[in-house]
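These are my notebook entries on one protein chain. I record below what I looked up, entry by entry.

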Amino acid sequence: DMRRQNTGKSGNPPFPMDIQFFDTDFARAGYEGDFDSFDVKASLNYIDVAHLMDNYTLRQDPPPDRQRYTYAYATTLGGDLSVSFAHFGGVMEVGLDGETVEHDVTIYNPNNANFFVTPMPDIEESRVGVFAEWTGFTRGVNAQFGLRVDDYSTEAGTAVTGPALPMAPQMLASMFNMADPGADETTVDAVARFWTE
């Protein structure tokens, strides 16, 4: 699958900025295979987004010092692989999946080259997960048991502010840069479902 979505100038009255463009590319490749004793499913996907908003093109211009435009982009790359087979009178599926996301946002004043701020500087997020799920019929009822473990990792770049910004945002950026910009977390999810006619 390949798809492109292009959104042009669009008013956005409830919010402080209007869309100038919102361009997104999607791509996905998948595979399914049936073998003698097991089935295989796999896929890869990619998303690329570029987005620009401002507060002066489609609405009454604010004063020059209050004009803003925001450019944002993001890319996502993900994939999954699973194998299904008969087990204990039902079907067992085991697999792994994951994705990486990178995104960045910068806010500018078109009338002042010294006014800029990166509220989300070069953010990188990744997740890798493994899972097992059994579905079948046991003790007179339909049942499903599942277990998933996901490992998450995040990183951030250096927050940057232009010299025209007030002291408070510059202090926030400095505090952000002095802190640990990364984190690692692991989550475990389990499910047990039972149903019958």
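Predicted model: local features only at pLDDT ≥ 70, side-chain atom pairs only at ≥ 80, totals over all residues.

**Entry 1: Glutamine 67**

Residues are numbered from 1 along each chain as its sequence is written, and side-chain values use heavy atoms, with hydrogens and water left out.

I placed glutamine 67 in the loop between S3 and strand S4 (69-87); strands (E, at least two residues) are DSSP runs, numbered from the N terminus. Is glutamine 67 buried or exposed? Glutamine 67 is buried, with a relative accessible area of 10% (buried means under 20%, exposed over 50%, partly exposed in between, with a 1.4 Å probe and protein chains only). Leaving aside neighbours within four places in sequence, I listed the contacts of glutamine 67 (heavy atoms within 4.5 Å), which include Asn55, Tyr56, Pro62 and Tyr108.

**Entry 2: Phenylalanine 26**

I found phenylalanine 26 in strand S2 (residues 18-34), where phenylalanine 26 is partly exposed at 24% relative accessible area. Not counting residues up to four places away in sequence, phenylalanine 26 touches Asp1, Met2, Arg3, Gln5, Tyr46 and Ile47. I also compared phenylalanine 26 with proline 62: the two are 36 residues apart in sequence and 36 Å apart in space, C-alpha to C-alpha.

**Entry 3: Aromatic rings**

How many aromatic pairs does a search of the whole structure find? The search finds five. Rings of Phe, Tyr and Trp (its six-membered ring) pair if their centres lie within 6.5 Å; planes under 30 degrees apart count as stacked, over 60 as edge-to-face and the rest as tilted. The rings of phenylalanine 35 and phenylalanine 38 have centres 5.1 Å apart and planes at 20°, so I recorded the pair as stacked. Ring pairs also link Trp134, Phe145 and Phe194 into a cluster.

**Entry 4: Confidence**

I noted a mean pLDDT of 95 for the protein chain, with 100% of its residues at 70 or more; pLDDT is the predictor's confidence in each residue, from 0 to 100.

Key:
Helix = DSSP H or I, 4+ residues; strand = E, 2+ residues; numbered from the N terminus.
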